[in-house]
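Q: Hi, could you walk me through this structure? I have not looked at it before, so please go slowly.

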Amino acid sequence: MWQNKGNPLQKGLLALFALILIIGVTAGCGKKDEGGSTAAPEGNPDEVLVTYKDGGQVTRGEFETFMNVNLLFNQQYAQYKDEPAFQHDMMNQLVAFKILASRADDKAKAEADKQSQQQLEQLKSFMGMQEGGMEKLLKDNNITEKDLDEFVHQSIQVFVSEESKIPDADLKAAYDQKLAQDKNAYDIATVSHILIGINDPATGKETRTKEEALKRAKEIKDKLTQGGDFAALAKEYSEDPGSKDKGGTYTDMPLSQWVPEFKQAAIELPIGQISDPVETTFGYHIMKVESRKTKTFDEVKPDLRSEAAQNKVHEFMEKELPGLIETNNLPKPEESKPAETPGTQAPQPDAPQSDAPKTENGK
């Protein structure tokens, strides 16, 4: 309900996934490949599919490799891989990678080399722990270790290059603007809580009435005011699996990750004071704020820089890239057959996740 254990692969490859996340794939529907195969369409690997300004080109073999590496990271893409709209979006991503990476200066290239090595070490270690090891994963996805290395390096080079072009003044302006819109935008807090739930988080079935939950929450509040140990009581009574074994504590978490009622209490509750029961959609919480502060500009600058770089890549894709592509021999999207399985949302990779309490919509 509250905890969402992050995948270590996803956490370590945030920079790598960023381009895919911000671009999105517009092929919102298509026939699912029931076999789950990631094999690319047959054809001459030397055939040139796309040409772009200044003599750039993408061969079928290069495109198929790029598709297969993406399918390694995002297996849900397999059901869309034969859709022309999806293929066009993937080709645009590949061309964008190639052009933007080629614009990196020597300093950005050196930093990308360093970061790529770190990311690849983590990635390969993770893959090696999977069933069959890294060799099987690569073989199943029709790629080589060299293909993987080149994909990771090029992806990181794009973002390192774009980040290096963003002045600190622009980042500070973004920081100030966000604070002006929401004074708590960068607030973090260490909060301990004991949750008395109403519904079973696994099944959604009601386990007790609101009146019963409130009564129990008040009883726990009384135990605390009489000197009870918060951590011990959290382990005994709390129904939040994400924090009960840690004494009910979430440490230095962004307030924006919490449901409105919990967030408001975390903002207003005096430090060290035990709250009255706080009602949310999860039930009733007995809360204690251990610490609270607003993150400084220097603390959030790396995140702001990453966000700004993502925006720059997106802007390049939207405004500049269409004018750089000269020929594209992929099947046109409008020539595709009617989709058998309608969809309303593009396939997306799993976002890196946090162990923090989630918002109401993400419970």
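Q: Let's start with β1 and β7: in which sense do they pair, and over how many bridges?
A: β1 and β7 pair in the antiparallel sense over 3 bridges, where two strands count as paired if DSSP finds at least two bridges between them. Strands here are DSSP runs of E with at least two residues, helices are runs of H or I with at least four, and both are numbered from the N terminus. Within this pairing, Thr51 stands opposite Thr327 in β7.

Q: Before we go on, what kind of model is this, and how are residues numbered?
A: This is a predicted model, in which local features need pLDDT of at least 70 and side-chain atom pairs count only at pLDDT 80 or more, while totals for chains, interfaces and linings use all residues. Residues are numbered from 1 along each chain as its sequence is written, and side-chain values use heavy atoms, with hydrogens and water left out.

Q: OK, back to the sheet. What is the strand order there?
A: The order is β2-β1-β7, an open sheet of 3 strands with antiparallel pairing. β2 (56-59) and β7 (325-328) are at the edges with a single partner strand each, so one side of each has no neighbour in the sheet. From one strand to the next the twist averages 15 degrees.

Q: Which helices lie across those strands?
A: α4 lies across β1, β2 and β7 and runs at about 50 degrees to β1, while α12 lies across β1 and β7 at about 70 degrees to β7. Those angles are taken between N-to-C directions on a scale from 0 to 180 degrees, using axes fitted to C-alpha atoms, for helices over the stretch in contact.

Q: What about the largest nonpolar core, how many residues does it have?
A: It has 55 residues, and those with the most contacts inside it are Val58, Phe63, Met91, Val95 and Leu148. A nonpolar core is a set of buried Ala, Val, Leu, Ile, Met, Phe, Trp, Tyr and Cys residues joined through side-chain atoms within 4.5 Å, and buried means under 20% relative accessible area, with exposed over 50% and partly exposed in between (1.4 Å probe, protein chains only). The largest share of this core, 10 residues, comes from α4.

Q: And what does Met91 touch, leaving aside its neighbours within four places in sequence?
A: Met91 is in contact, meaning heavy atoms within 4.5 Å, with Leu49, Val50, Val58, Phe63 and Leu330. Another core lies apart from the largest one and has 17 residues, among them Val191, Trp258, Ile267 and Leu269.

Q: Val191 is in β3, I think. Is β3 (187-197) buried or exposed?
A: Buried: 11 of the 11 residues of β3 are buried, so the strand is largely enclosed by the rest of the structure. Residues including Asp187, Val191 and His193 point one way from β3, and others, including Ile188, Thr190 and Ile196, point the other way. As a general point, side chains in a regular strand alternate between the two faces of the sheet.

Q: Which strands does β3 pair with?
A: β3 pairs with β6 (283-294) in the antiparallel sense over 11 bridges, and His193 stands opposite Met287 in β6. β3 is also joined by 4 bridges to β4 (249-254), again antiparallel, and there the bridge partner of Val191 is Tyr250. The open sheet of 4 strands has the order β4-β3-β6-β5, and its twist averages 45 degrees from one strand to the next.

Q: Changing topic, how many aromatic pairs are there?
A: A search of the whole structure finds 9 aromatic pairs, where rings of Phe, Tyr and Trp (its six-membered ring) pair if their centres lie within 6.5 Å, and planes under 30 degrees apart count as stacked, over 60 as edge-to-face and the rest as tilted. The rings of Phe73 and Phe151 have centres 5.8 Å apart and planes at 35 degrees, so that pair is tilted. Phe73 lies in α3 and Phe151 in α7, so the pair ties together parts 78 residues apart in sequence.
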